Amino acid sequence: MQKNSGGEPGYIVTSIKPGSRHRDVVARIEKPKESSPVKGFPSFQHMPLATSEHYIMVEAPCYYPDTATKVGNVDWTGWRSNILASGNVRLVSRSSGESIIYPLSYSVFAIHHINAYHDK
């Protein structure tokens, strides 16, 4: 979360129905202690995965900088990480908004995921 943004640390998971431009809130996850055991900062999220039943978030102990950067520019100074925290996989139900966490035994970082599927 960036200073003076007016927001609270957490995730807002949204969905857009086909043919609509309106975002519906599926879940609000405030101060996710699992991704930042000390302060409850949300981890950096870029391209979470989706199946017909769940949104899938890889929670790495990597956090946004305190200062804003211009769109299109990446300034990696100010980004923070917690080398003592392990990662998690968070499943968020697309129907109920329930959040389930699967702790990993090590720290991970991933962006630009390719695909997800639910094998029934």
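Me: In what order do the elements of the chain run from the N terminus on?
Reply: This is a predicted model, and in it the elements run β-β-β-β-β-β-β-β from the N terminus on.

Me: How many helices and how many strands does that make?
Reply: The chain has eight strands and zero helices.

Me: Take strand 1 and strand 2. How many bridges join them?
Reply: Strand 1, residues 10-16, is joined to strand 2, residues 23-30, by seven bridges. The two strands run antiparallel.

Me: Which residue of strand 2 does Ile-12 stand opposite?
Reply: Ile-12 stands opposite Arg-28.

Me: And what lies between the two strands of that hairpin?
Reply: Six residues lie between the strands. In this hairpin Gly-19 takes a positive phi near 85 degrees.

Me: A change of topic: what share of the chain counts as buried?
Reply: Of its 120 residues, 32% count as buried.

Me: How many cavities of 30 Å³ or more does a search of the whole structure find?
Reply: The search finds one cavity of that kind. About 60 Å³ of space lies in the largest cavity.

Me: Which residues line the largest cavity?
Reply: The lining includes Phe-44, Met-47, Pro-48 and Val-58. Phe-109, Ala-110 and His-113 are also among the lining residues.

Me: How does that lining divide into nonpolar, polar and charged residues?
Reply: Seven residues of the lining are nonpolar, three are polar and none is charged.

Definitions and conventions:
Residues are numbered from 1 along each chain as its sequence is written. This is a predicted model: local features need pLDDT of at least 70, side-chain atom pairs count only at pLDDT 80 or more; totals for chains, interfaces and linings use all residues. Side-chain values use heavy atoms; hydrogens and water are left out. Two strands pair if DSSP finds at least two bridges between them. Helices (H or I, at least four residues) and strands (E, at least two) are DSSP runs, numbered from the N terminus. Buried means under 20% relative accessible area, exposed over 50%, partly exposed in between (1.4 Å probe, protein chains only). On a 1 Å grid over the protein atoms alone, a cavity is a set of points where a 1.4 Å probe fits but cannot get out, and a pocket is an open set with protein on both sides within 12 Å along at least five of seven lines; lining residues have an atom within 4 Å of a point. Grid points are joined across faces, edges and corners, and a volume is the space filled by probe spheres set on the points. Ala, Val, Leu, Ile, Met, Phe, Trp, Tyr, Cys and Pro count as nonpolar, Asp, Glu, Lys and Arg as charged, and the others, Gly among them, as polar.
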